[in-house]
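Below is a brief report on one model.

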Amino acid sequence: MSTLSELSVAVEAGKRNDAKAITQALLDQGMKPLDVVEQGLVPGMSAIGEKFKNNEVFVPEMLIAARAMKECMAILEPLLAQAGIKPKFTAVIGTVQGDLHDIGKNLVAMMLKGANFGIVDLGTNVPPEKFVAAAQENGAHLVCLSALLTTTMPAMKTTVEAIKAAGLTSVKIMVGGAPVTQDYAHEIGADGYSPDAASAVDLALTLAEA
Ligand code: B1M
């Protein structure tokens with residue numbers, strides 16, 4: 001008999017084969033797919049996220065855990081879709097125009113996915129109008145902007161302005177990336193800033209639920 005806490009532990013440890021086997025066993029035992037996500041996978045990702053925030057683990061461990069989560073989600077997603085279950089919130093994410101760095105952005109996307117956000121990942125070097133179009137087309141609750149270069153930080157400002165100019169007043173905008181600060185977020189009119197992928201989840205939930 002497999003348990004949800006065993007699944008959380010396997011995800012946190014990045015043991016993807018164990019995690020997949022436990023996911024399947026839980027389904028075979030009659031557990032609802034959404035319960036497997038919310039009570040098994042999400043707590044596992046939250047636990048590794050907390051350790052990352054406290055510098056107890058680093059990027060490789062996060063990536064390995066996220067890969068385990070992703071492989072379990074591949075089993076669960078068709079079942080969730082069949083049951084008509086959609087994530088509660090949708091976030092559009094991308095690295096701003098001129099910037100090709102995506103490792104941090106991908107971590108944030110994975111953590112948000114781990115918290116059961118629907119993610120529309122636009123990749124890197126994303127122009128403002130593409131963020132606007134994706135937010136409109138997907139009814140996004142959040143737009144998440146990443147920048148790693150001081151020279152591309154102004155593209156965050158342009159993107160925030162474009163989203164506001166398009167009248168997307170209910171869409172919250174969060175920013176992050178090594179050179180970005182809370183002061184800068186405030187200056188450009190973003191709704192929030194977070195310094196790392198784990199705090200990004202807390203902020204995203206606060207903004208989306210506001
Ligand atoms: Co680049 N690079 N790079 N680079 N690169 C930096 C950023 C740099 C600091 C290196 C240095 O000089 N010491 C420097 C920027 C200097 C500056 O502007 N202040 C730099 C430079 C100059 C450049 C080029 C211009 C180099 C050149 O060609 N002359 C060039 C620019 C290309 C471009 O983008 N147009 C360039 C290119 C590259 C590579 C392609 C080789 C590669 C990127 C590969 C890739 O991403 N697929 C690369 C890399 C790997 C780096 C370093 C070494 C590592 C970045 C990284 O992935 N960190 C970096 C130096 C460094 O940081 N030590 C450097 C790990 C990642 C997990 O952290 O991205 O900060 P990070 O994400 C964190 C948080 O910031 C936060 O959460 C993440 C997890 O905790 N976060 C968010 C990120 N986005 C968020 C969004 C959120 C919330 C939190 O909400 C929306």
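Predicted model: local features only at pLDDT ≥ 70, side-chain atom pairs only at ≥ 80, totals over all residues.

## A salt bridge across the interface

One salt bridge is found across the interface of domain 1 and domain 2. The term means a side-chain nitrogen of Lys or Arg within 4 Å of a carboxyl oxygen of Asp or Glu. K53 forms a salt bridge with D202, with the closest N and O atoms 2.9 Å apart.

Residues are numbered from 1 along each chain as its sequence is written, and side-chain values use heavy atoms, leaving out hydrogens and water.

## The two domains

Domain 1 spans 4-82 and domain 2 spans 89-209, with bounds from an automatic or database domain assignment. The contact (heavy atoms within 4.5 Å) takes 15 residues from domain 1 and 12 residues from domain 2. Their C-alpha centres lie 25 Å apart.

About 1100 Å² is buried between the domains, and carbon and sulfur atoms give 75% of that area. Buried area is the accessible area (1.4 Å probe) that two parts lose on being put together, summed over both.

## Salt bridges overall

By the same rule, the count comes to 7 salt bridges. K51 and E12 form a salt bridge at 2.7 Å, N to O. K51 lies in helix α3 and E12 in helix α1 (residues 4-12), so the pair ties together parts 39 residues apart in sequence. Helices (H or I, at least four residues) and strands (E, at least two) are DSSP runs, numbered from the N terminus.

## The cobalt site

Which residue is the only protein donor of the ligand's cobalt atom? H101 is, through NE2 at 2.2 Å. Donors are N, O and S atoms within 2.8 Å of the metal (3.2 Å for Na, K and Ca); water is not among the atoms, so sites may look incomplete. H101 sits in the loop between β1 (89-95) and α5 (103-114).
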